Amino acid sequence: MNHLLTKSRTAGALSLLLLSGALAACGGNNNENNGASPSASSPAASGASASSSAPAASADPKQLSGTVKVWDWDEAFQKGMIAEFNKTYPNIKVEVTVVNPNDYLQKLQSGIASGSDVPDVILGESAYRGKLFDLGVLDKLEGAPYNFDKSSVLDFTVPYISNGKGEVIAVDQAITPAGFAYRRDLAKEYWGTDDPAELEKLISTWDDFIAKGKELKDKSGGKVLMMPGLGDAFIALKGQNFASYVNGTEVDLTAKVKEPLTRLFEMRDAGILGKNELWTPAWSASMAKGEFMFYPMAPWGPKWHISANDPDGKGRWGLVKAPEGGFTRGGTAVGIYKDSKNKEAAWAFVQYAYLSDEGSAYNFKTFGNMTGSKSFYETHKDLIDAPGPYDEFFGGQNLAKYFMEKIVPDMKGEPQSKYDSVVDGVFNALYPLWTKDTSVTADAALQKFISETKNKASDATVK
């Protein structure tokens with residue numbers, strides 16, 4: 001899933017300058033997948049903010065009508081956002097069907113095959129986004145009637161909303177740059193500080209991370225380790241390698257995972273990682289128990305991880321940049337079915353909910369979700385400086401500002417592929433075995449990883 005955060009009391013010229021610098025850095029990557037400038041396209045004639053393109057048509061929003069079908073798993077978000085949307089577009093009805101993300105792609109493919117049940121607005125969660133893009137069922141958004149301007153969104157996000165041809169076919173539900181959530185109480189007890197700036201120095205490299213992990217293990221008598229399991233560490237290690245590893249049906253898995261696996265096995269063999277598997281009850285319960293120092297966290301994490309699993313943990317958490325840079329965690333793309341009969345109405349909703357200043361402000365204040373639209377960060381500095389909905393869990397730390405100033409400037413985009421879910425699925429099947437059998441080496445793990453990926457992706461050449 002994918003959702004977010006923000007807070008602190010530091011306003012003033014310095015903070016605004018820093019935020020502007022972060023936006024400038026986002027605009028300066030200049031790689032072939034990225035937009036070139038931070039400018040947003042002009043608003044629609046309606047007067048509703050159009051930070052990323054005009055909503056569907058230039059007509060008065062009250063003149064747009066129709067019924068838009070949306071499949072989503074976050075009913076609370078849709079219920080609130082639709083009410084806001086209808087204040088501007090009163091004649092567009094949005095119907096939501098709640099679909100479990102684990103069933104989403106199969107249900108969508110069944111609907112397309114039968115020609116019956118297909119939504120106008122389609123969501124692509126990170127677990128299957130590459131497969132969805134490869135189906136060719138999402139409309140291209142840079143042409144009519146959408147006229148989406150990709151330079152209006154943060155540059156690192158563009159590859160995550162583009163297909164293999166470089167065509168933009170979706171928008172981001174919310175950005176997902178990630179760092180580490182950490183337990184302030186444990187950091188203070190074992191390292192003498194819970195200050196994010198000081199922790200950044202303590203774990204600036206992965207070598208530092210491993211060294212501090214050994215220290216933590218020794219000081220706590222093995223009661224507190226760095227992370228719950230191999231899966232958590234691999235999210236960050238693999239996620240920091242943004243290079244494309246797929247060229248058609250050629251999958252260079254070695255280039256993608258060899259170095260992350262080597263580091264991962266260093267951590268395992270140093271005894272600084274737990275034995276929990278991601279998303280298990282034990283993994284979720286560990287957040288409140290104080291058994292582990294760090295958890296990979298994107299802006300949606302405070303809602304779906306911290307507040308959900310440690311409801312009494314207000315003030316107990318902090319956010320710090322991961323060693324050697326940021327990575328992405330999760331993420332959901334939102335596109336429009338290419339054969340939709342209600343494209344203008346569907347785009348009006350998508351643009352309002354995920355890109356407009358009004359929709360983005362509601363989304364941010366209510367759920368902590370951070371839009372990909374550059375315009376929002378330019379026009380709503382007041383919201384960035386204000387307390388966010390989950391900042392109280394983080395001791396008053398301004399989460400949104402930390403993400404934008406400390407993590408986003410170094411972020412890069414990663415092209416999406418139908419093989420991404422295969423690779424992730426193979427890793428998820430293998431790492432519990434590597435946790436239990438410590439005789440398995442990183443080299444042996446890589447060869448097993450390659451062979452299993454070949455079995456799962458029989459049409460690909462994997463090396």
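How many residues apart are Glu 215 and Lys 219 in helix H7? They are 4 residues apart in helix H7 (residues 206-219), and therefore separated by about one helical turn. We will come back to this pair below, after a look at the chain as a whole.

## The model at a glance

A word on how to read what follows. This is a predicted model, in which local features need pLDDT of at least 70 and side-chain atom pairs count only at pLDDT 80 or more, while totals for chains, interfaces and linings use all residues. Residues are numbered from 1 along each chain as its sequence is written, and side-chain values use heavy atoms, with hydrogens and water left out.

The chain contains 18 helices and 12 strands; helices (H or I, at least four residues) and strands (E, at least two) are DSSP runs, numbered from the N terminus. Of its 463 residues, 59% count as buried. Here buried means under 20% relative accessible area, exposed means over 50%, and partly exposed lies in between (1.4 Å probe, protein chains only).

The accessible surface of the chain is about 17700 Å², and carbon and sulfur atoms contribute 48% of that. These areas come from the Shrake-Rupley method with a 1.4 Å probe, and for residues only the protein chains shown count as cover. Among contacts with a separation of 6 or more, 79% are between residues 24 or more positions apart, where contact means heavy atoms within 4.5 Å.

## Salt bridges

The structure holds 24 salt bridges, each being a side-chain nitrogen of Lys or Arg within 4 Å of a carboxyl oxygen of Asp or Glu. One of them joins Arg 129 and Asp 172, at 3.9 Å from N to O. This pair links distant parts of the chain, with Arg 129 in helix H4 (residues 129-135) and Asp 172 in strand E4 (residues 171-172), 43 residues apart. Both Arg 129 and Asp 172 are buried.

Another salt bridge pairs Arg 316 with Asp 310, their closest N and O atoms being 2.5 Å apart. Arg 316 counts as partly exposed because its relative accessibility is 24%, while Asp 310, with a relative accessible area of 2%, is buried. Asp 207, Arg 263 and Glu 266 are linked in a network of salt bridges.

## Around helix H7

Now back to the opening pair. The side chains of Glu 215 and Lys 219 form a salt bridge of 3.1 Å, N to O. Glu 215 counts as partly exposed, at 25% relative accessibility.

Glu 215 also meets the side chain of Lys 212 in a polar contact of 3.0 Å. A polar contact is a pair of N or O atoms within 3.5 Å; within protein, one must be able to donate a hydrogen and the other to accept it, and residues adjacent in sequence count only if both atoms are side-chain atoms. Lys 212 is found in helix H7 as well, and it is buried, with a relative accessible area of 14%. Leaving aside residues up to four places away in sequence, Lys 212 touches Trp 191, Leu 202, Ile 203 and Met 226.

## Aromatic pairs

Across the whole structure there are 29 aromatic pairs. Rings of Phe, Tyr and Trp (its six-membered ring) pair if their centres lie within 6.5 Å; planes under 30 degrees apart count as stacked, over 60 as edge-to-face and the rest as tilted. Trp 71 and Tyr 104 make an edge-to-face pair, because their ring centres are 5.9 Å apart and their planes stand at 75 degrees. Trp 71 lies in strand E1 (residues 66-72) and Tyr 104 in helix H3 (residues 101-114), so the pair ties together parts 33 residues apart in sequence. Trp 71 is buried at 2% relative accessibility, and Tyr 104 is buried at 0%.

An aromatic cluster is formed by Phe 180, Tyr 182, Trp 191, Trp 206, Phe 209, Phe 294 and Phe 327.

## Strands and sheets

Strand E5 (residues 177-183) pairs with E9 in the antiparallel sense over 4 bridges; two strands pair if DSSP finds at least two bridges between them. Ala 181 stands opposite Leu 319 in E9. From strand E9 (residues 317-320), Trp 317 and Leu 319 point one way and Gly 318 and Val 320 the other, and all are buried.

Elsewhere, 3 strands form an open sheet with mixed pairing, in the order E6-E7-E12. Strand E6 (246-247) and strand E12 (461-462) stand at the edges with a single partner strand each, so one side of each has no neighbour in the sheet. Strand E7 (residues 250-251) and E12 run parallel, joined by 2 bridges, and Val 251 stands opposite Val 462 in E12.
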